[in-house]
Amino acid sequence: MIDVHQFPCLNDNYGFLVHDRESGETAAIDTPDGDKYLQEAERLGWTITAIWNTHWHPDHAGGNLKIKEATGCRIYGPTGEAGKIPGIDAPLGGGDAIKLGDWSVKVMDVPGHTLGHIAYHIPEAKMAFVGDALFALGCGRVFEGDAKMMWTSLSRLKALPAETVIYCAHEYTAANAKFALSVDPENPALRAYAEEVTVKRQRGDWTVPTTIARELDANPFLRADDSAMQAAMGHPGDPVATFAEIRSRKDNF
């Protein structure tokens, strides 16, 4: 069995420790704050044996060396960003697979936010760790890629089984919901989701993780191939242009 321990880091990041009970192996998903990860692992009685970096940004790889020095763990990260990933041991790209105990972990290329961004999918556990590629009701800013690249990446994530639990790296959902309602105000699934987010955040509860099924219904960035969304954005039949318009509006919201 896999246990996922989630905890807040820095300003709005989430940290994740993924623990296989049988082998005792524990993977740190990104490393926003090395000290916090080590403290949480010690509190749980887990030893970090691996780091799975999704991309090079410092709030995702900044704690690598501290954790590696303390634990001797093996660091995995994107091949395309290997030169920017501190302490990397094993560069990975789409189609590669690694192990957590006996669990097979599939690597997905999801560039756009950065050019080498990857995600880690554990099919048998029905979970995926997606970094900044996909958020609850949102997606990452397109810093290094372009709209076509990002839409292709999101399309790969869209194709995961609907029940897949998505662990994204930031608590952005309240702001994402406000924007989503501005471009898709009559979507009943989105309206219900946004109301739930408001209640959760008022209580101080987290809105992460989410699921592919939920995001397919309500996340405007995943609906750029929907004819109604395309019409609303002024780009009938063109999912890439529709995505680009949604992303542009979000960047200026």
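The largest nonpolar core holds 50 residues, of which W52, Y120, I122, L154 and L157 touch the most other members. Such a core is a set of buried Ala, Val, Leu, Ile, Met, Phe, Trp, Tyr and Cys residues joined through side-chain atoms within 4.5 Å. A second, separate core has 13 residues, including L17, W46, I75 and I85. The model is predicted: local features need pLDDT of at least 70 and side-chain atom pairs count only at pLDDT 80 or more, while totals for chains, interfaces and linings use all residues. Residues are numbered from 1 along each chain as its sequence is written, and side-chain values use heavy atoms, with hydrogens and water left out.

Within the largest core, L157 is one of the residues that touch the most other members. Leaving aside residues up to four places away in sequence, L157 touches M108, V110, V130, A133, L134 and I212, where contact means heavy atoms within 4.5 Å.

Of contacts between residues at least 6 apart in sequence, 58% join residues at least 24 apart. The secondary structure comprises 9 helices and 14 strands, taken as DSSP runs (helices H or I, at least four residues; strands E, at least two) numbered from the N terminus.

The chain has a radius of gyration of 18 Å, which agrees with the value near 18 Å for a compact globule of 253 residues; the radius is taken over C-alpha atoms, and the globule rule is 2.2 Å times the number of residues to the power 0.38. The C-alpha trace spans about 55 × 40 × 30 Å along its principal axes. Buried residues make up 51% of the 253 residues, buried being under 20% relative accessible area with a 1.4 Å probe, protein chains only.
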